[in-house]
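Here are my notes for you, written as numbered points. Keep the structure open while you read and look up each residue as we get to it.

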Amino acid sequence: MAKKVPLSELGKTVSEDVKARSVLEYKAYAFDVFREVIIKTPVKTGRARGNWNITTMNPDFKTTASKTPNQVPSDIDLNKFPSIWIANGLEYIRDLEQGKSKQAPVGISLPALAAVRSRRR
């Protein structure tokens with residue numbers, strides 16, 4: 001059923017609806033890029049894929065021995081449109097980003113972003 005809104009409240013209601021939809025789009029876009037970066041990461045041992053992190057405000061360069069890709073944290077708060085960081089602290093990630101892998105000769109992040117952009121147009 002449609003939401004009844006007094007005419008005097010229409011602007012505020014529309015603004016709140018737009019912001020809510022914008023937050024959802026922002027979150028979906030960020031998570032889509034995060035997943036695509038993981039997919040585009042070359043695999044030899046799996047550590048590079050397992051050490052991507054997504055955070056807000058500051059990058060997380062912590063590394064582990066894990067070969068399992070990280071999940072998007074359930075507590076990540078994007079309501080105020082903070083900066084989003086997708087980071088990997090492995091010492092050789094720069095080489096992979098520079099295309100020094102036959103599996104990813106053009107790097108990881110830029111092709112991941114291009115793939116997401118092409119899907120969202």
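1. Is Lys100 buried or exposed? Lys100 counts as exposed, at 59% relative accessibility. The cut-offs go like this: buried is under 20% relative accessible area, exposed is over 50%, and partly exposed is in between, worked out with a 1.4 Å probe on protein chains only.

2. A word on where this comes from: the model is predicted, so local features need pLDDT of at least 70 and side-chain atom pairs count only at pLDDT 80 or more, while totals for chains, interfaces and linings use all residues. Residues are numbered from 1 along each chain as its sequence is written, and side-chain values use heavy atoms, with hydrogens and water left out.

3. Back to Lys100, which has a salt-bridge partner in Asp95. A salt bridge here is a side-chain nitrogen of Lys or Arg within 4 Å of a carboxyl oxygen of Asp or Glu. For this pair, the closest N and O atoms are 3.8 Å apart. Asp95 is partly exposed, with a relative accessible area of 35%.

4. How many salt bridges does that rule give? The count comes to five. Some of them share partners, and these join Asp32, Glu36, Lys40 and Arg119 into one network.

5. Helices are DSSP runs of H or I with at least four residues, numbered from the N terminus. Asp32 is buried at 13% relative accessibility, whereas Arg119 is partly exposed at 46%.

6. Now find Lys40 and Glu36, another salt bridge, with N to O at 3.3 Å. Both residues belong to helix H1, and they are four residues apart, about one turn of the helix. Glu36 is buried, with a relative accessible area of 7%, while Lys40 is partly exposed at 30%.

7. One last stop: Ser101, in the loop between helix H3 (93-97) and H4. Which residues does Ser101 touch, leaving aside its neighbours within four places in sequence? Ser101 is in contact (heavy atoms within 4.5 Å) with Pro42 and Leu96. At 14% relative accessibility, Ser101 counts as buried.

Note on methods:
Helix = DSSP H or I, 4+ residues; strand = E, 2+ residues; numbered from the N terminus.
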